[in-house]
Structure formats: C-alpha cells, structure tokens
Amino acid sequence: MIIGSVYIATGLDNCENHQLLKSELEEFGIEVTFDWVKAGAVDQDNDSPLIERAHDDINGVIKADVLIVLHPGNPPTYTSSGRGMHTELGAALATETPVLLVSPTGFGDLKDPKATQAKCVFYYHRLVTRLRATPDNYDDVAYAVKCMIESLGSFQRMVDQYSEMDGAF
C-alpha cells in the first residue's frame, strides 16, 4: 500500500545512496515520484533531452509529498555533481513542499575557518528539517519520512474538517 511519495535530490556521484534510500522508503510504502537515477544519464551534447529531464525532475518535486535532499556532506566529494539538488530544493520551497535535508556530516559552520561548506540560508527555511544520517541508518531516515507524510495527512484531514464547518484558516 502506498502511503505517500517523495522525490530524492542528490548528485550523480551519490546515485548508490539514492538507490539505497529509495529501497528503504519502498519498504514503508513510500514511492519515488521520478527516479532520475533509473532514467539514466542525459546526453549533454543535445538540448532536447536536457529540456525533457529538467521538466521531469521539477514535476517529480511538484508531485512529491516530501522532498529529500541527500547532501554529500562536508567536504563535498564531487566536483560538478549535485548542482540540480539546490534547484529542486527551491522548487519544493516555492510549492510549500516539506523538505528533509540529510547530510552525513552536518550543514556547514561559518565560524569554522577550515570548513569547506558554508551554511546555506535555505537549509534553515521553516519547511526544511535537517537530519544528520549516513547510509547505515537510512532505515531511520525512511521511518522519519513515513512520520512526516503521516503527519501531513493528519493536518490535511484537520483542515478539511474545519473547512466543512465553514471555518477558515
């Protein structure tokens, strides 16, 4: 039984963790709206597939109950991979979709002169929940997503009941 849906944003260099988390989520009845990893690499020499992929990725975010951003951590282990995850984060925030930001090492520290990753203001948006987790505990991440989706359903039922009473939020 499907209880909800997510879109998983991360870099190409993190595809293995994407698939690992996807598997954990499926065990809880959570579907991925668009599996860009399964869809494969996009031909960079031709604009048409890039246009289609951009459309598919954003639609995946829009259809999701929750966006999961698998952040690579600090220091980043990639060079050009992962740029799109911030676009997907912006799309989720623009559509008021809750975000679970998952990082194995944290989210930057502006006070640490050795930090290679600065804090991003959007990681602190009211719709973003930050969670430090590694692939070893993605089962816990999947459970947290399940709880997020269930609480969204409870909130929507409350809004619907209130609306039926001619109330307004």
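Below is a short briefing, sorted by topic.

Keep in mind that this is a predicted model. The protein has five helices and five strands, and they come along the sequence in the pattern β-α-β-α-α-β-α-β-β-α. Of its 169 residues, 40% count as buried.

**Overall build**

- Take the contacts in the protein with a separation of 6 or more: residues 24 or more positions apart make up 74% of them.
- The protein exposes about 9900 Å² of surface, and 52% of that comes from carbon and sulfur atoms.

**The sheet**

- The five strands line up as an open sheet in the order E2-E1-E3-E4-E5, with parallel pairing.
- Strand E2 (30-32) and strand E5 (128-132) sit at the edges with a single partner strand each, so one side of each has no neighbour in the sheet.
- From one strand to the next, the twist averages 30°.
- Strand E1 (residues 4-9) runs parallel to E2, and three bridges join the two.

**Helix H4**

- Helix H4 (residues 83-94) has 12 residues, which at 1.5 Å a residue should span 16 Å; the end C-alpha atoms are 18 Å apart, and that agrees.
- Met-85, Glu-88, Leu-89, Ala-91, Ala-92 and Leu-93 are the buried residues of H4.
- Their cover includes E1, helix H3 (47-63), strand E3 (66-70), strand E4 (99-103) and E5.
- Just after H4, look for Glu-96, which takes a positive phi of about 60°.

**Salt bridges**

- A search of the whole structure turns up four salt bridges.
- Lys-22, Glu-26 and Asp-35 are linked in a salt-bridge network.
- Buried or exposed? Lys-22 and Asp-35 are both buried, while Glu-26 is partly exposed, with a relative accessible area of 44%.
- Over in helix H5 (residues 138-164), Glu-150 and Lys-146 lie four residues apart, about one turn of the helix. They form a salt bridge with the closest N and O atoms 2.8 Å apart, and Glu-150 is partly exposed at 38% relative accessibility.

Definitions and conventions. Residues are numbered from 1 along each chain as its sequence is written. This is a predicted model: local features need pLDDT of at least 70, side-chain atom pairs count only at pLDDT 80 or more; totals for chains, interfaces and linings use all residues. Side-chain values use heavy atoms; hydrogens and water are left out. Buried means under 20% relative accessible area, exposed over 50%, partly exposed in between (1.4 Å probe, protein chains only). Contact means heavy atoms within 4.5 Å. Accessible areas come from the Shrake-Rupley method with a 1.4 Å probe; for residues, only the protein chains shown count as cover. Two strands pair if DSSP finds at least two bridges between them. Axes are lines fitted to C-alpha atoms, for helices over the stretch in contact, and angles run from 0 to 180 degrees between N-to-C directions. The expected span of a helix is 1.5 Å times one less than its number of residues. A salt bridge is a side-chain nitrogen of Lys or Arg within 4 Å of a carboxyl oxygen of Asp or Glu.
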